[in-house]
Amino acid sequence: MSELILVTGAAGFIGFHTCKRLLESGYSVVGVDNLNDYYEVTLKQARLSILLETTRFKFLKIDISDKSSTSAVFKEYSPSIVIHLAAQAGVRYSISNPYAYAESNLLGFLNILECCRHNKIKHLVYASSSSVYGANVKLPFSVTHNVDHPVSFYAATKKANELMAHSYSHLYDLPTTGLRFFTVYGPWGRPDMAMFIFTKAILQNKPINIFNNGEMERDFTYIDDIVDGIIKVMTHQPVPQPELKNSQLPPNISHAPYRIYNIGNNRPVKLLYLIQLLEQNLGKTAIKNFLPMQPGDVQSTFADITDIANDVGFKPSTPIEEGVKKFIKWFKDYYHIS
């Protein structure tokens, strides 16, 4: 029997692609998701239908904020590794709906940590976010930088996840690795993300809102590169660094089995260039509505990926031009646009 991996958020964008790659690599996968309606549930169900074509995939509809049902999954299936991707996503939504984030990202993560602790999980890999860098202005963002100034509640919950993971790594010798994802995009992507929103609006001849008057750049990272990183990290358990004194501990490593990595493309792209690529691939010109910066947003993101490159050989290989082309092809196929 192949090694069994538990993936939370399996019907989500990154969760779906991660499960798909694990199944293709011969693993057995148990996927859990609450299928909430933050965005169109039909898209999540379509992703799941692809995964369910493989007999080594089992799906369970549960909410990780429910302690008993989460615990029951661990007891029944005894996973060896957990890839925790379930979370309430979205920066702007966290401003109007903070309790959804406390329930999923804090209580839900605590339930996952407790289950990992009591079931002797070999490695917990979990999603953090580039949003933790918040008010930082020094670029590129490094895992050695201070991240104590979040500018959204979403970012605060992700920073909290890293702190919670460290406490369990320290107290219970639980190997944990947090991955700070940088603006993930690609086929089967999230409808609340800029690339999806822009594409849909351009095709419908509707205006697109461009915040900070277009003076924005993001380290757009193609989904296949993200999944490469997740799989490489999954089999690379962090080891304690006992020789480090407390006064010498950088934020990303520890005397406990704990690591934090950036996982990005390492090439920031100006938002206006992204829009230009979308226009070229769609053969249509966007109607642009320039607006000031939104609360919770940051002007630039740029991942320093030195650590993950050195430790597991992570190397993103998809330029934005190629990634946008693949996304547009999927979008047109999925929504039957000729």
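**Close-up views of a predicted protein model**

Among contacts in the protein between residues at least 6 apart in sequence, 81% join residues at least 24 apart; contact here means heavy atoms within 4.5 Å. This is a predicted model, in which local features need pLDDT of at least 70 and side-chain atom pairs count only at pLDDT 80 or more, while totals for chains, interfaces and linings use all residues. Residues are numbered from 1 along each chain as its sequence is written, and side-chain values use heavy atoms, with hydrogens and water left out.

View 1. Helices (H or I, at least four residues) and strands (E, at least two) are DSSP runs, numbered from the N terminus. Along the principal axes, the C-alpha atoms fill a box of roughly 55 × 50 × 40 Å. Buried residues make up 54% of the 338, where buried means under 20% relative accessible area, exposed over 50%, and partly exposed in between (1.4 Å probe, protein chains only).

**View 2. Helix α7 packs against helix α9.** Residues 194–203 form α7 and residues 271–282 form α9; their axes are 11 Å apart, at an angle of about 45°. That makes α7 oblique to α9 (under 35 degrees is roughly parallel, over 145 roughly antiparallel, 65 to 115 roughly perpendicular, and the rest oblique). Axes are lines fitted to C-alpha atoms, for helices over the stretch in contact, and angles run from 0 to 180 degrees between N-to-C directions. From α7, look for Met-195, Phe-198, Thr-199, Ile-202 and Leu-203; from α9, the partners are Leu-271, Leu-274, Ile-275, Leu-278 and Leu-282.

**View 3. Ser-142 sits in the loop between β5 (123–129) and α6 (153–172).** With a relative accessible area of 10%, Ser-142 is buried. Leaving aside residues up to four places away in sequence, Ser-142 touches Tyr-133, Arg-180, Asn-262 and Asp-304.

**View 4. Gly-313 lies in the loop between α10 (306–312) and α11 (320–334).** Gly-313 counts as partly exposed, at 42% relative accessibility. Not counting residues up to four places away in sequence, Gly-313 touches Lys-232 and Ile-308. Find Val-233 too: it is 80 residues from Gly-313 along the chain, yet their C-alpha atoms are separated by 9.4 Å.
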